[in-house]
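Notebook open, structure loaded. I'm jotting down what I look up as I go.

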Amino acid sequence: MSAPVLSGRTRSRRTSDRPGFLVYGLLVAFVVGSALPLYWSFVIGSHTKETADDFPPPILPGGHFLDNARRVLDTVEFWQALANSLIVSTVCATSVVVFSTLAGYSFAKLRFRGRNAGMAFVVMTMAVPTQLAIVPLFIVMRDLGLLDTLAAVALPTMVTAFGVFFMRQYLSDAVPDELIEAARMDGCTMIRTFWTVAVPAGRPAMAILFLFTFMQVWTDYMWPLVALQKTETLQIALDRLALTGQGQTTDYALVLAGTGMATIPLLALFVLAGRQLVAGIMQGAVKG
Amino acid sequence: MSTHTDPSVGATATAAAPAGGSAPDRRRLIRRHRRSRWDLKLSPYLYISPFFLLFAVVGLYPLLYTGYLSLFDWNRAYYVRGEFVGLDNYEFVLTDPVFQKSLVNTFSIFVMSSIPQVVVAVAVAAMLDRRLRASTWWRMSVLLPFVVAPTAAVLIFGSLFADQYGLINQALDAMGLDKIRWHVDRWWSHLAIAGMVNWRWTGYNALIFLAAMQAVPRDLYEAASLDGAGRVRQFFSVTLPMIRPTMIFVIITSTIGGLQIFTEPRLFDDTPNREGGPDHQYMTSTLYIYVKGIEDQFYGRASAAAWVLFLVIVTIALLNFAITRWATRRSVA
C-alpha cells in the first residue's frame, strides 16, 4: 500500500461522489415535509376562524395574524408566560453550564479518590428515566412550599448528568495537562487554574450545552404541568389555549396563531445559532 | 502527615514564593503551603459536589421515594401516609385494564415511531453524507422541526388530524374516501401520534448518524469499490457495520424516550378530559402515572405504575441492545 496512490484515488472517488438528481429530489421532499407543518401553522394562524376550516384550504398566509395574536393575548397571559419561560430556561441553562463545567473538569483533569466510580455513576444516571419520579418530586416541591413557583419548575433541571458527561468528554481533549501544570507552577490556586485554563478552552462546548439545556427546558411540558397551578410557562399557556372553545370545534386560527407566537423565539434562536446546534448534535449530543 | 514530604507540592510552593530567610516569611510560606495542599486535595470534590448534591435531591431521592410510596396506602384527603399495604398497589395496577391498555398503547406508539424513524434517519444521513452543495444549509434544514416544542407540534398536527374539519379528512372526503376517525380508532390514533414524534426527531437522529458516517475512513469505501461493491452493497457492508456503536446509542436513547411519551397523547385529546381519548385508546403509561398520581392523587398506585414502567423500559432497552448488536454483527459478514 503506498500512500500517494491511495490518496489520489480517494480524491477521484470523492469527486465522483457528487450526488445526482435523485438524492437532491429525496432531500428536497424530506425538507419540504419538515417545513410544511410549520408553514401550515403560519397560514392558518393568519386567517380568520371561518377560513381556517375551508376546503380547499388557503395556501398563502392571510392578513389576520395581528387580530388572532390579539385574541391570544386576551385569552392567556402570553407575555407573562414568555417571561417565565425565558427566566426558567436561562436559569437552568446557566446553572447546568456552570456546574457541568466544574464537575466535567474535575472528572477529566484532576486526580482524586473515587473519580472512576463517580463518573460511572454519572453515566448510569443518564439512562435513568427520571420523568417517572414525578409523584415524589411533586411531593418534595409541595413540602418545600414551592408548588406554583418558577423555582419548582427550574430545580429539577439545575444539573444534568448529560451536561457533566458532555463537558468531561470535551475538556479531556481540549485542555492539555501541561497547561494546568504550568498554571499551578505559576502559583495559581485550583479555582484560578480552572478559570484561566479550563473555561477559555471549554467555551465552545459550554455554548452548545447552554443552547441545548435552554431548548430542553423551554420545550418541556410535563414537569411545569405538574409543578404549576396558576403560573404559566409558554407550553402551559399553549395547553390552556387549546382548551378554549371546547364544546364546539377548536378555533384553529387562534390556536395556531398561539403556537406560532410561542415558536418564534426558538425559530429566531435557530436562525442565529443553527450552525452551533448542528455542530453540537454531531459532536455526540444526546436527546434532551 | 508531614507537609514537607510531598515533592510536587513543595516545588510548587517554592516556585510560587521568592525565597525568604526571615521567620515571618517562613511562617507565611508554610501557611501558604498548607493551604495549597488542602486546595489540591479538596477542590476536585468541591467541583463535583454541586452535581451530586442537587442530583440527590431531585433525582435519586425521588426515584427511591417512588419505591417507598408504592408500598403504602395514601389518605388522599389529608396527604398523609396510610398503612403499609405491601404489594397491593402493584396488584391493583397490574390488574387494572386501563393500565394494561396503556402499556399496549405505549408499546404500539413506540414501535410505530422508532422503527420508521431510525430507518428514515439512516437514509437521510446517507444522503447528507454525499458531497452536497451547501451542505450546512441541508443539515440545518433537516433540524428545523426540532425547534418546534412538542406542545406546538401536537397542536399543529391536531389541526391536520381533526376528525371533522381536519385537512387530511377533508382531503379524503374530497377524493370520495371515508374519513378516518383519528381520535376514535385506536391504531389510527397511534399512527397520528407516532407521526408527530417522527416529524420532530427524524432529522435530529439523522444528524447523529451523519456524524458517525463522516468518521468512517474513506479508504474503506475505496477498498470496497475495488472489490466491485456497488453503492448499495457498500452501504450495507461498510457503512452500517461502521456506525454500529452510534446505532446502538440512538436505539437505546430513543427506546428510553419513546416509552415515556406524554405530551403528544395528552394534548391530542381535544376534550377537556385529556386522559388519552374517551376510551383511553391512546393513553400512554406515563400519562396514566400523571392522571393517577397528580390528578387523582393515588400516590401509591401511580408510584407502583412508575416502577412497573421503569422495569418495562429497562427490559426493552436491554432487548433492543441485544437485537441491535446481533443485527449489525450479521451485516459485517
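Confidence first. pLDDT is the predictor's confidence in each residue, from 0 to 100, and helices here are DSSP runs (H or I, at least four residues; strands are E, at least two), numbered from the N terminus. Residues 1–15 of chain A have pLDDT below 50, and beyond near neighbours in sequence this stretch has 10 contacts in the model. A contact means C-beta atoms, placed from the backbone, within 7 Å. Chain A as a whole averages 86, with 91% of the residues at 70 or above.

Housekeeping: this is a predicted model, with local features needing pLDDT of at least 70, side-chain atom pairs counting only at pLDDT 80 or more, and totals for chains, interfaces and linings using all residues. Residues are numbered from 1 along each chain as its sequence is written, while chains are lettered from A and ligands numbered from 1 in the order in which they are written.

Next, the interface. I get 87 residues of chain A in contact with 83 residues of chain B. On the chain A side, helix α14 (residues 252–282) of chain A gives the largest share, 15 residues. That side splits into 58 nonpolar, 19 polar and 10 charged residues.

I checked two spans of chain A that UniProt (unreviewed entry) lists as "transmembrane region", 194–218 and 252–273 among them. Residues 194–218 of chain A are 100% helix, with end C-alpha atoms 30 Å apart. Residues 252–273 of chain A also come out as 100% helix, with 30 Å between the end C-alpha atoms.

On to chain B. The domain assignment (automatic or from a database) gives domain 1 (7–69) and domain 2 (89–332). Their C-alpha centres lie 45 Å apart.

Which residues have the most contacts inside the largest nonpolar core? They are Leu209(A), Phe209(B) and Ala305(B), in a core of 159 residues. Such a core is a set of buried Ala, Val, Leu, Ile, Met, Phe, Trp, Tyr and Cys residues joined through C-beta atoms within 7 Å; buried means 20 or more other C-beta atoms within 10 Å of a residue's own, against 12 or fewer for exposed and in between for partly exposed. Helix α8 (residues 186–214) of chain B supplies the largest share of this core, 16 residues. Leaving aside neighbours within four places in sequence, I see Phe209(B) in contact with Ala121(B), Val122(B), Ala125(B), Ile243(B) and Thr246(B).

Definitions and conventions:
UniProt positions renumbered as here; feature names shortened; annotations may be inferred. Contact = placed C-beta atoms within 7 Å. Nonpolar A, V, L, I, M, F, W, Y, C, P; charged D, E, K, R; others polar.
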